[in-house]
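Q: Could you walk me through this structure, starting with what sits in its interior?

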Amino acid sequence: MIISVASGKGGTGKTTVAVNLALSVNENVQFLDCDVEEPNAHIFLKPKISRTLSFSTPVPKVDEGKCNYCGRCQEICAYNAIAVIKNKVLIFPEICHGCGGCILLCPQNALEETSKEVGIIQFGSSGAIDFVNGKVNVGQDTPAPLIRQVKKYINTTKTVFVDAPPGTSCPVVESVKGSDYCILVTEPTPFGLNDLTLAVEVMRKLKIPFGVIINRSDIGDGKVEDYCQAENIPILMKIPFNRDFAVSYSKGIPIVDAFPEFKTHYREILNKIKNHIEKKS
Amino acid sequence: MKEIVIVSGKGGTGKTMLTASFAALSKNAAFADCDVDAANLHILLNPTIIERYEFKGGKVAIIDKEKCKRCGACFAVCRFDAIVIKGFTIDPLSCEGCGVCAHICPEKAIKMEDKVSGEWFISKTKYGPFVHAKLAIAEENSGKLVSVVRQNTKSVAEKENRDLIIIDGPPGIGCPVISSITNTDIVLIVTEPTLSGMHDMARVAELAKHFKIKTFVVINKYDLNLEMTEEIEKYCQKNRIPLAGRINYDSKIPEAIVNKKIVVEYTDGIVARQIKNIWETIYAELN
(Lines give C-alpha, C1' and ligand atoms only; values in the text may rest on other atoms or scores of the structure.)
Protein backbone atom coordinates (compact mmCIF):
# COMPACT_ATOMS: atom_id res chain seq x y z
CA MET A 1 0.00 0.00 0.00
CA ILE A 2 1.42 3.39 -1.03
CA ILE A 3 0.25 6.38 1.00
CA SER A 4 1.40 9.86 0.01
CA VAL A 5 1.13 12.93 2.21
CA ALA A 6 0.55 16.29 0.52
CA SER A 7 -1.09 19.62 1.38
CA GLY A 8 -1.08 22.50 -1.06
CA LYS A 9 -0.07 24.94 1.65
CA GLY A 10 3.42 24.67 3.07
CA GLY A 11 4.05 24.17 6.75
CA THR A 12 0.80 22.40 7.62
CA GLY A 13 2.47 19.25 8.93
CA LYS A 14 3.05 16.85 6.02
CA THR A 15 6.43 15.62 7.23
CA THR A 16 5.17 15.43 10.82
CA VAL A 17 2.24 13.23 9.78
CA ALA A 18 4.26 11.06 7.38
CA VAL A 19 7.08 10.48 9.87
CA ASN A 20 4.81 9.72 12.81
CA LEU A 21 2.69 7.35 10.74
CA ALA A 22 5.79 5.45 9.64
CA LEU A 23 7.05 5.22 13.23
CA SER A 24 3.66 4.09 14.52
CA VAL A 25 3.46 1.25 12.00
CA ASN A 26 7.14 0.42 12.33
CA GLU A 27 7.17 -2.95 10.65
CA ASN A 28 7.54 -3.68 6.97
CA VAL A 29 7.60 0.06 6.25
CA GLN A 30 9.36 2.14 3.65
CA PHE A 31 9.64 5.94 3.75
CA LEU A 32 10.33 8.03 0.63
CA ASP A 33 11.12 11.71 1.00
CA CYS A 34 10.08 13.22 -2.33
CA ASP A 35 10.36 16.83 -1.18
CA VAL A 36 13.69 16.85 -2.98
CA GLU A 37 14.11 20.65 -2.85
CA GLU A 38 13.82 20.77 0.95
CA PRO A 39 13.85 17.21 2.36
CA ASN A 40 13.23 17.20 6.11
CA ALA A 41 12.19 13.70 7.09
CA HIS A 42 15.79 12.68 7.82
CA ILE A 43 15.83 15.27 10.63
CA PHE A 44 13.20 13.22 12.48
CA LEU A 45 13.90 9.66 11.32
CA LYS A 46 17.70 10.10 11.64
CA PRO A 47 18.39 7.24 9.23
CA LYS A 48 21.71 5.47 8.98
CA ILE A 49 22.61 6.07 5.33
CA SER A 50 24.16 3.01 3.70
CA ARG A 51 24.35 4.18 0.07
CA THR A 52 24.32 7.43 -1.90
CA LEU A 53 23.75 7.56 -5.64
CA SER A 54 24.42 10.52 -7.85
CA PHE A 55 21.52 11.20 -10.20
CA SER A 56 22.14 12.78 -13.57
CA THR A 57 19.97 13.86 -16.41
CA PRO A 58 20.99 13.91 -20.06
CA VAL A 59 22.24 17.17 -21.60
CA PRO A 60 23.56 17.74 -25.11
CA LYS A 61 27.19 18.48 -25.93
CA VAL A 62 28.20 19.92 -29.29
CA ASP A 63 31.02 18.68 -31.49
CA GLU A 64 32.08 21.99 -33.05
CA GLY A 65 33.95 20.06 -35.77
CA LYS A 66 30.72 18.60 -37.14
CA CYS A 67 28.40 21.54 -36.41
CA ASN A 68 27.55 23.85 -39.30
CA TYR A 69 25.52 26.27 -37.12
CA CYS A 70 22.35 25.65 -39.09
CA GLY A 71 20.29 26.37 -35.94
CA ARG A 72 17.99 23.34 -36.29
CA CYS A 73 18.63 22.42 -32.63
CA GLN A 74 17.46 25.88 -31.52
CA GLU A 75 14.30 25.48 -33.64
CA ILE A 76 13.54 22.09 -32.11
CA CYS A 77 14.21 22.96 -28.48
CA ALA A 78 10.93 23.71 -26.71
CA TYR A 79 12.71 25.16 -23.69
CA ASN A 80 15.23 27.66 -25.13
CA ALA A 81 18.00 25.54 -23.66
CA ILE A 82 20.16 25.67 -26.80
CA ALA A 83 20.99 28.75 -28.83
CA VAL A 84 23.01 29.25 -31.95
CA ILE A 85 24.57 32.68 -32.23
CA LYS A 86 26.91 33.40 -35.17
CA ASN A 87 29.47 30.61 -34.85
CA LYS A 88 28.76 29.55 -31.35
CA VAL A 89 26.39 27.02 -29.82
CA LEU A 90 25.28 27.90 -26.30
CA ILE A 91 23.76 25.22 -24.11
CA PHE A 92 21.93 26.05 -20.86
CA PRO A 93 21.98 22.77 -18.87
CA GLU A 94 19.89 24.16 -15.99
CA ILE A 95 16.84 24.53 -18.21
CA CYS A 96 17.40 21.50 -20.45
CA HIS A 97 14.59 18.98 -19.92
CA GLY A 98 16.63 16.10 -21.34
CA CYS A 99 14.10 15.29 -24.10
CA GLY A 100 16.92 14.27 -26.45
CA GLY A 101 15.27 16.02 -29.41
CA CYS A 102 18.22 18.16 -30.53
CA ILE A 103 20.57 15.15 -30.45
CA LEU A 104 18.17 12.95 -32.38
CA LEU A 105 17.34 15.51 -35.03
CA CYS A 106 20.64 17.32 -35.67
CA PRO A 107 21.19 16.93 -39.44
CA GLN A 108 24.98 16.86 -38.95
CA ASN A 109 24.92 14.45 -35.98
CA ALA A 110 26.96 17.08 -34.22
CA LEU A 111 25.29 16.71 -30.82
CA GLU A 112 25.92 13.93 -28.40
CA GLU A 113 24.46 13.11 -25.06
CA THR A 114 26.40 13.73 -21.95
CA SER A 115 25.05 13.98 -18.45
CA LYS A 116 24.82 16.46 -15.65
CA GLU A 117 24.34 15.68 -11.99
CA VAL A 118 21.13 17.20 -10.68
CA GLY A 119 21.01 15.65 -7.25
CA ILE A 120 21.53 12.63 -5.05
CA ILE A 121 19.49 9.73 -3.76
CA GLN A 122 20.28 8.30 -0.35
CA PHE A 123 19.29 4.89 0.97
CA GLY A 124 19.30 3.86 4.58
CA SER A 125 17.28 2.66 7.49
CA SER A 126 15.81 4.03 10.65
CA GLY A 127 15.06 1.13 12.97
CA ALA A 128 12.64 -1.05 11.02
CA ILE A 129 11.95 1.66 8.45
CA ASP A 130 13.59 1.52 5.01
CA PHE A 131 14.47 5.06 4.04
CA VAL A 132 14.94 6.68 0.63
CA ASN A 133 15.71 10.39 0.29
CA GLY A 134 16.10 12.56 -2.80
CA LYS A 135 17.99 15.86 -2.62
CA VAL A 136 18.20 18.15 -5.63
CA ASN A 137 21.32 20.29 -6.13
CA VAL A 138 20.90 23.97 -5.25
CA GLY A 139 20.50 25.94 -8.50
CA GLN A 140 18.90 23.06 -10.37
CA ASP A 141 15.76 24.16 -12.12
CA THR A 142 13.46 21.20 -12.07
CA PRO A 143 13.10 18.54 -9.39
CA ALA A 144 10.68 16.35 -11.40
CA PRO A 145 13.20 13.89 -12.95
CA LEU A 146 14.79 13.28 -9.52
CA ILE A 147 11.38 12.70 -7.93
CA ARG A 148 10.49 10.21 -10.71
CA GLN A 149 13.74 8.36 -10.03
CA VAL A 150 13.20 8.24 -6.25
CA LYS A 151 9.74 6.75 -6.86
CA LYS A 152 11.32 3.91 -8.87
CA TYR A 153 12.69 2.57 -5.58
CA ILE A 154 9.24 2.01 -4.09
CA ASN A 155 9.04 -1.45 -2.57
CA THR A 156 5.45 -2.55 -3.09
CA THR A 157 5.78 -5.39 -0.59
CA LYS A 158 5.91 -2.81 2.18
CA THR A 159 3.62 -0.12 3.53
CA VAL A 160 5.11 2.90 1.78
CA PHE A 161 4.82 6.49 2.96
CA VAL A 162 5.70 9.22 0.45
CA ASP A 163 6.37 12.72 1.81
CA ALA A 164 5.42 15.17 -0.95
CA PRO A 165 6.48 18.82 -1.38
CA PRO A 166 4.11 21.79 -0.87
CA GLY A 167 2.25 23.24 -3.85
CA THR A 168 -0.04 21.82 -6.50
CA SER A 169 2.11 21.65 -9.59
CA CYS A 170 4.29 19.05 -11.20
CA PRO A 171 6.65 18.14 -8.29
CA VAL A 172 3.55 17.28 -6.24
CA VAL A 173 1.96 15.37 -9.12
CA GLU A 174 5.15 13.34 -9.61
CA SER A 175 5.28 12.55 -5.90
CA VAL A 176 1.66 11.45 -5.44
CA LYS A 177 1.11 9.73 -8.81
CA GLY A 178 0.54 6.01 -8.34
CA SER A 179 -0.39 6.24 -4.64
CA ASP A 180 -3.24 4.12 -3.35
CA TYR A 181 -4.25 6.97 -1.07
CA CYS A 182 -3.22 10.54 -0.34
CA ILE A 183 -3.51 12.31 3.00
CA LEU A 184 -3.99 16.06 2.63
CA VAL A 185 -2.76 17.89 5.70
CA THR A 186 -4.30 21.30 6.22
CA GLU A 187 -4.87 24.01 8.83
CA PRO A 188 -8.21 25.67 9.64
CA THR A 189 -7.30 29.10 8.23
CA PRO A 190 -8.24 30.98 5.03
CA PHE A 191 -4.80 30.09 3.58
CA GLY A 192 -5.26 26.44 4.52
CA LEU A 193 -8.71 26.30 2.94
CA ASN A 194 -7.64 28.12 -0.23
CA ASP A 195 -4.77 25.72 -0.88
CA LEU A 196 -6.71 22.63 0.23
CA THR A 197 -9.31 23.23 -2.47
CA LEU A 198 -6.48 23.31 -5.04
CA ALA A 199 -4.92 20.14 -3.66
CA VAL A 200 -8.32 18.42 -3.75
CA GLU A 201 -8.59 19.30 -7.44
CA VAL A 202 -5.20 17.66 -8.05
CA MET A 203 -6.35 14.47 -6.31
CA ARG A 204 -9.56 14.40 -8.30
CA LYS A 205 -7.67 14.98 -11.55
CA LEU A 206 -5.30 12.12 -10.72
CA LYS A 207 -8.20 9.97 -9.40
CA ILE A 208 -6.39 9.21 -6.14
CA PRO A 209 -8.60 8.48 -3.10
CA PHE A 210 -7.86 10.99 -0.37
CA GLY A 211 -8.74 12.18 3.11
CA VAL A 212 -7.86 15.21 5.22
CA ILE A 213 -6.04 15.76 8.48
CA ILE A 214 -6.67 19.13 10.10
CA ASN A 215 -3.57 20.16 12.03
CA ARG A 216 -3.60 22.87 14.74
CA SER A 217 -7.35 22.29 14.52
CA ASP A 218 -8.25 24.62 17.36
CA ILE A 219 -6.47 27.68 15.96
CA GLY A 220 -8.71 28.98 13.24
CA ASP A 221 -12.28 28.71 12.07
CA GLY A 222 -14.67 25.96 11.04
CA LYS A 223 -14.58 26.64 7.29
CA VAL A 224 -12.19 23.79 6.40
CA GLU A 225 -14.39 21.32 8.25
CA ASP A 226 -17.52 22.75 6.59
CA TYR A 227 -15.85 22.44 3.20
CA CYS A 228 -14.87 18.80 3.83
CA GLN A 229 -18.39 17.95 4.93
CA ALA A 230 -19.96 19.70 1.94
CA GLU A 231 -17.60 17.86 -0.43
CA ASN A 232 -17.92 14.50 1.32
CA ILE A 233 -14.21 14.43 2.09
CA PRO A 234 -13.33 12.21 5.05
CA ILE A 235 -11.59 13.94 7.94
CA LEU A 236 -9.14 11.34 9.21
CA MET A 237 -8.07 13.25 12.29
CA LYS A 238 -8.08 16.67 13.91
CA ILE A 239 -4.88 17.44 15.79
CA PRO A 240 -5.19 20.37 18.23
CA PHE A 241 -2.29 22.80 18.60
CA ASN A 242 0.02 21.68 21.32
CA ARG A 243 3.00 23.82 22.26
CA ASP A 244 4.86 20.71 23.49
CA PHE A 245 4.48 19.17 20.03
CA ALA A 246 5.77 22.37 18.45
CA VAL A 247 8.82 22.40 20.71
CA SER A 248 9.44 18.71 20.08
CA TYR A 249 9.20 19.33 16.34
CA SER A 250 11.61 22.24 16.58
CA LYS A 251 14.19 19.93 18.10
CA GLY A 252 13.73 17.23 15.46
CA ILE A 253 12.01 14.84 17.87
CA PRO A 254 9.06 12.92 16.37
CA ILE A 255 5.86 13.29 18.39
CA VAL A 256 5.47 9.54 18.91
CA ASP A 257 9.00 9.37 20.35
CA ALA A 258 8.30 12.14 22.84
CA PHE A 259 4.70 11.02 23.48
CA PRO A 260 4.42 7.28 22.64
CA GLU A 261 0.74 7.21 23.62
CA PHE A 262 0.02 8.98 20.31
CA LYS A 263 1.00 5.91 18.31
CA THR A 264 -2.56 4.65 18.83
CA HIS A 265 -3.97 7.77 17.14
CA TYR A 266 -1.69 7.36 14.14
CA ARG A 267 -2.49 3.65 13.84
CA GLU A 268 -6.15 4.60 13.83
CA ILE A 269 -5.53 6.88 10.85
CA LEU A 270 -3.97 3.98 9.00
CA ASN A 271 -6.95 1.72 9.77
CA LYS A 272 -9.35 4.35 8.45
CA ILE A 273 -7.28 4.56 5.26
CA LYS A 274 -7.26 0.77 4.84
CA ASN A 275 -11.04 0.75 5.23
CA HIS A 276 -11.46 3.47 2.59
CA ILE A 277 -9.26 1.63 0.13
CA GLU A 278 -11.10 -1.65 0.75
CA LYS A 279 -14.50 0.03 0.35
CA LYS A 280 -13.42 1.52 -2.99
CA SER A 281 -12.29 -1.87 -4.30
CA MET B 1 13.00 51.25 -8.70
CA LYS B 2 14.00 48.66 -6.10
CA GLU B 3 12.74 45.17 -5.49
CA ILE B 4 12.59 42.78 -2.56
CA VAL B 5 11.55 39.12 -2.63
CA ILE B 6 10.40 37.27 0.47
CA VAL B 7 11.25 33.55 0.48
CA SER B 8 11.73 30.85 3.10
CA GLY B 9 12.90 27.48 1.85
CA LYS B 10 10.48 25.83 4.25
CA GLY B 11 6.78 26.38 3.72
CA GLY B 12 4.55 27.95 6.33
CA THR B 13 7.09 30.22 8.04
CA GLY B 14 5.17 33.47 7.48
CA LYS B 15 6.16 34.87 4.07
CA THR B 16 2.66 35.97 3.04
CA MET B 17 1.87 37.36 6.49
CA LEU B 18 5.00 39.50 6.36
CA THR B 19 4.60 40.58 2.71
CA ALA B 20 1.08 41.82 3.43
CA SER B 21 2.31 43.79 6.45
CA PHE B 22 5.02 45.35 4.31
CA ALA B 23 2.36 46.29 1.75
CA ALA B 24 0.40 48.08 4.45
CA LEU B 25 3.49 49.88 5.73
CA SER B 26 4.79 50.91 2.29
CA LYS B 27 4.05 54.33 0.80
CA ASN B 28 4.64 53.86 -2.91
CA ALA B 29 5.01 50.22 -3.89
CA ALA B 30 3.66 47.58 -6.24
CA PHE B 31 3.18 43.97 -5.21
CA ALA B 32 3.41 40.52 -6.74
CA ASP B 33 2.47 37.03 -5.61
CA CYS B 34 4.97 34.66 -7.20
CA ASP B 35 3.71 31.61 -5.30
CA VAL B 36 1.66 30.76 -8.37
CA ASP B 37 0.64 27.24 -7.44
CA ALA B 38 -0.76 28.08 -4.01
CA ALA B 39 -1.22 31.85 -4.04
CA ASN B 40 -2.47 33.37 -0.79
CA LEU B 41 -1.55 37.07 -0.80
CA HIS B 42 -4.83 38.07 -2.45
CA ILE B 43 -6.65 36.83 0.65
CA LEU B 44 -5.06 39.64 2.66
CA LEU B 45 -4.69 42.37 0.01
CA ASN B 46 -8.28 42.07 -1.20
CA PRO B 47 -7.63 43.01 -4.83
CA THR B 48 -10.02 44.19 -7.54
CA ILE B 49 -9.03 42.47 -10.76
CA ILE B 50 -8.68 44.98 -13.62
CA GLU B 51 -7.14 42.80 -16.34
CA ARG B 52 -6.89 39.05 -16.75
CA TYR B 53 -4.79 37.07 -19.19
CA GLU B 54 -4.43 33.45 -20.19
CA PHE B 55 -1.04 31.86 -19.59
CA LYS B 56 0.08 29.51 -22.29
CA GLY B 57 3.06 27.86 -20.63
CA GLY B 58 3.89 25.12 -23.01
CA LYS B 59 2.50 22.70 -25.49
CA VAL B 60 0.94 19.28 -25.36
CA ALA B 61 1.09 16.57 -28.02
CA ILE B 62 -2.11 15.33 -29.64
CA ILE B 63 -2.22 12.17 -31.80
CA ASP B 64 -4.56 12.18 -34.81
CA LYS B 65 -6.06 8.66 -34.66
CA GLU B 66 -6.96 8.68 -38.36
CA LYS B 67 -3.37 9.27 -39.46
CA CYS B 68 -1.69 7.14 -36.78
CA LYS B 69 -0.40 3.79 -38.02
CA ARG B 70 0.59 2.62 -34.52
CA CYS B 71 4.20 2.11 -35.54
CA GLY B 72 5.38 3.03 -32.00
CA ALA B 73 8.13 5.43 -33.14
CA CYS B 74 6.78 8.03 -30.73
CA PHE B 75 6.83 5.58 -27.85
CA ALA B 76 10.46 4.77 -28.59
CA VAL B 77 11.58 8.42 -28.32
CA CYS B 78 9.37 9.76 -25.53
CA ARG B 79 11.51 10.30 -22.42
CA PHE B 80 8.57 11.19 -20.18
CA ASP B 81 6.40 8.04 -20.47
CA ALA B 82 3.68 10.16 -22.04
CA ILE B 83 2.68 7.84 -24.88
CA VAL B 84 -0.05 5.44 -23.83
CA ILE B 85 0.35 2.37 -26.07
CA LYS B 86 -3.19 1.20 -25.40
CA GLY B 87 -5.16 3.29 -27.87
CA PHE B 88 -2.08 5.36 -28.86
CA THR B 89 -2.99 8.45 -26.91
CA ILE B 90 -0.98 10.99 -24.95
CA ASP B 91 -1.10 11.24 -21.17
CA PRO B 92 -1.36 15.03 -20.82
CA LEU B 93 -0.14 14.92 -17.22
CA SER B 94 3.14 13.32 -18.27
CA CYS B 95 3.65 15.13 -21.59
CA GLU B 96 6.28 17.87 -21.22
CA GLY B 97 5.59 19.38 -24.63
CA CYS B 98 9.06 18.73 -26.04
CA GLY B 99 7.68 17.94 -29.50
CA VAL B 100 10.12 15.14 -30.32
CA CYS B 101 7.27 12.71 -31.08
CA ALA B 102 5.71 15.22 -33.48
CA HIS B 103 9.03 15.67 -35.28
CA ILE B 104 9.75 11.98 -35.79
CA CYS B 105 6.27 10.62 -36.51
CA PRO B 106 6.55 9.22 -40.05
CA GLU B 107 2.83 9.84 -40.70
CA LYS B 108 2.89 13.41 -39.31
CA ALA B 109 0.05 12.25 -37.08
CA ILE B 110 1.13 14.23 -34.02
CA LYS B 111 0.49 17.93 -33.50
CA MET B 112 1.74 20.17 -30.72
CA GLU B 113 -0.97 22.41 -29.32
CA ASP B 114 -0.69 25.39 -27.03
CA LYS B 115 -1.79 24.52 -23.57
CA VAL B 116 -3.51 27.11 -21.44
CA SER B 117 -1.90 26.31 -18.14
CA GLY B 118 -3.04 29.19 -15.99
CA GLU B 119 -4.19 32.76 -15.70
CA TRP B 120 -2.58 35.93 -14.44
CA PHE B 121 -4.10 39.16 -13.25
CA ILE B 122 -3.35 42.85 -12.89
CA SER B 123 -5.30 44.16 -9.93
CA LYS B 124 -5.55 47.21 -7.77
CA THR B 125 -5.53 47.19 -4.01
CA LYS B 126 -5.80 49.76 -1.22
CA TYR B 127 -1.99 49.71 -1.03
CA GLY B 128 -1.03 49.80 -4.68
CA PRO B 129 -1.08 47.76 -7.90
CA PHE B 130 -0.86 43.98 -7.54
CA VAL B 131 0.03 41.29 -10.07
CA HIS B 132 -0.84 37.69 -9.28
CA ALA B 133 -1.60 34.42 -10.96
CA LYS B 134 -3.16 31.03 -10.73
CA LEU B 135 -1.41 28.05 -12.25
CA ALA B 136 -3.91 25.48 -13.51
CA ILE B 137 -4.18 22.29 -11.51
CA ALA B 138 -1.29 19.84 -11.76
CA GLU B 139 0.51 21.97 -14.36
CA GLU B 140 4.19 22.57 -14.88
CA ASN B 141 6.06 25.64 -16.13
CA SER B 142 5.35 27.45 -12.90
CA GLY B 143 8.77 29.15 -13.31
CA LYS B 144 7.62 30.63 -16.60
CA LEU B 145 4.41 31.94 -15.06
CA VAL B 146 6.46 33.47 -12.24
CA SER B 147 8.57 35.30 -14.84
CA VAL B 148 5.41 36.62 -16.51
CA VAL B 149 4.11 37.89 -13.16
CA ARG B 150 7.41 39.51 -12.34
CA GLN B 151 7.89 41.22 -15.67
CA ASN B 152 4.38 42.59 -15.60
CA THR B 153 4.75 43.84 -12.05
CA LYS B 154 7.76 45.82 -13.26
CA SER B 155 5.79 47.32 -16.18
CA VAL B 156 2.84 48.23 -13.99
CA ALA B 157 5.13 49.71 -11.34
CA GLU B 158 6.92 51.83 -13.93
CA LYS B 159 3.65 53.02 -15.42
CA GLU B 160 2.36 54.05 -12.01
CA ASN B 161 5.65 55.59 -10.84
CA ARG B 162 6.09 53.17 -7.97
CA ASP B 163 9.56 53.18 -6.42
CA LEU B 164 9.46 49.70 -4.90
CA ILE B 165 8.28 46.19 -5.77
CA ILE B 166 7.53 43.75 -2.94
CA ILE B 167 7.23 40.09 -3.94
CA ASP B 168 5.73 37.19 -2.01
CA GLY B 169 7.88 34.26 -3.11
CA PRO B 170 7.20 30.51 -3.23
CA PRO B 171 8.62 27.84 -0.88
CA GLY B 172 11.44 25.54 -1.99
CA ILE B 173 14.52 26.25 -4.11
CA GLY B 174 13.39 25.10 -7.55
CA CYS B 175 12.63 27.05 -10.66
CA PRO B 176 9.67 29.12 -9.35
CA VAL B 177 12.01 30.42 -6.61
CA ILE B 178 14.87 30.95 -9.04
CA SER B 179 12.55 32.89 -11.37
CA SER B 180 11.38 34.97 -8.41
CA ILE B 181 14.81 36.03 -7.19
CA THR B 182 17.17 36.47 -10.16
CA ASN B 183 18.37 40.07 -10.42
CA THR B 184 16.43 41.24 -7.42
CA ASP B 185 17.88 43.75 -4.93
CA ILE B 186 17.19 41.95 -1.65
CA VAL B 187 16.12 38.44 -0.71
CA LEU B 188 14.51 38.28 2.71
CA ILE B 189 14.36 34.76 4.15
CA VAL B 190 11.65 34.15 6.73
CA THR B 191 12.53 31.19 8.90
CA GLU B 192 11.37 29.57 12.14
CA PRO B 193 13.41 28.25 15.07
CA THR B 194 13.18 24.58 14.14
CA LEU B 195 15.73 22.16 12.72
CA SER B 196 13.64 21.91 9.54
CA GLY B 197 13.42 25.69 9.27
CA MET B 198 17.17 26.09 9.64
CA HIS B 199 17.97 23.28 7.21
CA ASP B 200 15.71 24.73 4.54
CA MET B 201 16.85 28.32 5.20
CA ALA B 202 20.44 27.26 4.57
CA ARG B 203 19.53 25.84 1.15
CA VAL B 204 17.65 28.91 0.00
CA ALA B 205 20.44 31.13 1.38
CA GLU B 206 22.88 29.11 -0.72
CA LEU B 207 20.68 29.71 -3.75
CA ALA B 208 20.65 33.47 -3.11
CA LYS B 209 24.43 33.40 -2.67
CA HIS B 210 24.76 31.52 -5.97
CA PHE B 211 22.99 34.45 -7.64
CA LYS B 212 25.02 36.95 -5.59
CA ILE B 213 21.97 38.62 -4.06
CA LYS B 214 22.06 40.57 -0.79
CA THR B 215 20.23 38.42 1.75
CA PHE B 216 18.62 39.06 5.14
CA VAL B 217 16.94 36.70 7.59
CA VAL B 218 13.89 37.13 9.82
CA ILE B 219 13.23 34.57 12.56
CA ASN B 220 9.47 34.21 13.01
CA LYS B 221 7.98 32.59 16.15
CA TYR B 222 11.49 32.92 17.59
CA ASP B 223 10.49 32.40 21.21
CA LEU B 224 9.17 28.88 20.50
CA ASN B 225 12.75 27.66 20.83
CA LEU B 226 15.38 30.12 21.99
CA GLU B 227 18.19 27.60 21.59
CA MET B 228 17.31 27.05 17.95
CA THR B 229 17.01 30.81 17.44
CA GLU B 230 20.54 31.14 18.76
CA GLU B 231 21.73 28.40 16.38
CA ILE B 232 20.19 30.23 13.44
CA GLU B 233 21.78 33.50 14.52
CA LYS B 234 25.16 31.80 14.79
CA TYR B 235 24.70 30.34 11.31
CA CYS B 236 23.82 33.77 9.93
CA GLN B 237 26.82 35.35 11.61
CA LYS B 238 29.15 32.68 10.28
CA ASN B 239 27.79 33.12 6.76
CA ARG B 240 27.62 36.90 6.97
CA ILE B 241 23.86 37.06 6.52
CA PRO B 242 22.48 40.02 8.48
CA LEU B 243 19.49 39.47 10.69
CA ALA B 244 16.66 41.87 9.87
CA GLY B 245 14.73 40.99 13.03
CA ARG B 246 12.78 38.52 15.08
CA ILE B 247 9.05 38.11 15.58
CA ASN B 248 7.42 36.57 18.65
CA TYR B 249 5.06 33.64 18.48
CA ASP B 250 1.85 35.50 19.21
CA SER B 251 -1.71 34.26 18.81
CA LYS B 252 -2.58 37.68 17.35
CA ILE B 253 -0.94 36.58 14.12
CA PRO B 254 -3.04 33.47 13.37
CA GLU B 255 -6.04 35.46 14.68
CA ALA B 256 -5.38 38.22 12.15
CA ILE B 257 -5.07 35.69 9.32
CA VAL B 258 -8.26 33.87 10.26
CA ASN B 259 -9.97 37.24 10.08
CA LYS B 260 -8.25 37.92 6.74
CA LYS B 261 -6.57 40.95 8.24
CA ILE B 262 -3.04 42.27 7.83
CA VAL B 263 -1.17 41.88 11.13
CA VAL B 264 0.06 45.49 11.43
CA GLU B 265 -3.48 46.74 10.83
CA TYR B 266 -5.05 44.20 13.20
CA THR B 267 -2.88 44.79 16.24
CA ASP B 268 -0.39 47.30 17.58
CA GLY B 269 1.11 44.93 20.11
CA ILE B 270 4.64 43.60 20.21
CA VAL B 271 4.53 41.68 16.92
CA ALA B 272 3.35 44.76 15.03
CA ARG B 273 6.24 46.76 16.46
CA GLN B 274 8.68 43.99 15.54
CA ILE B 275 7.36 43.86 11.96
CA LYS B 276 7.58 47.65 11.67
CA ASN B 277 11.20 47.57 12.81
CA ILE B 278 12.00 44.89 10.24
CA TRP B 279 10.33 46.97 7.53
CA GLU B 280 12.32 50.05 8.51
CA THR B 281 15.57 48.06 8.46
CA ILE B 282 14.89 46.65 5.01
CA TYR B 283 13.63 49.95 3.61
CA ALA B 284 16.78 51.68 4.80
CA GLU B 285 18.91 49.00 3.15
CA LEU B 286 17.13 49.46 -0.17
CA ASN B 287 17.90 53.18 -0.28
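Q: Which residues touch the most other members of the largest nonpolar core?
A: Those are A:Leu184, B:Val149 and B:Leu188, in a core of 144 residues. A nonpolar core here is a set of buried Ala, Val, Leu, Ile, Met, Phe, Trp, Tyr and Cys residues joined through C-beta atoms within 7 Å, and a residue is buried if 20 or more other C-beta atoms lie within 10 Å of its own, exposed if 12 or fewer, and partly exposed in between, with C-beta atoms placed from the backbone. Please keep in mind that this is a predicted model, where local features need pLDDT of at least 70, side-chain atom pairs count only at pLDDT 80 or more, and totals for chains, interfaces and linings use all residues. Residues are numbered from 1 along each chain as its sequence is written, while chains are lettered from A and ligands numbered from 1 in the order in which they are written.

Q: What does B:Val149 touch?
A: Leaving out residues up to four places away in sequence, B:Val149 touches B:Ala32, B:Cys34, B:Val36, B:Trp120, B:Val131, B:His132 and B:Ala133, where contact means that the C-beta atoms, placed from the backbone, lie within 7 Å.

Q: Which residues does the second, separate core include?
A: Among its 16 residues are B:Cys78, B:Ala82, B:Cys98 and B:Ile110.

Q: Back to α5(B), which of its residues are buried?
A: The buried ones include B:Val149, along with B:Leu145, B:Val146 and B:Asn152. The cover over the buried residues of α5(B) includes strands such as β2 (29-33) and β3 (48-63), and also α6 (175-181), of chain B.

Q: How many residues does helix α5 of chain B have?
A: Helix α5 (residues 142-159) has 18 residues and reaches 26 Å from its first C-alpha to its last, close to the 26 Å expected at 1.5 Å a residue, a span taken as 1.5 Å times one less than the number of residues. Just after α5(B), B:Asn161 takes a positive phi of about 55°.

Q: New topic: how many residues of chain A are in contact with chain B?
A: There are 50 residues of chain A in contact with 51 residues of chain B. On the side of chain A that touches chain B, α7(A) gives the most, with nine residues.

Note on methods:
Helix = DSSP H or I, 4+ residues; strand = E, 2+ residues; numbered from the N terminus. Contact = placed C-beta atoms within 7 Å.
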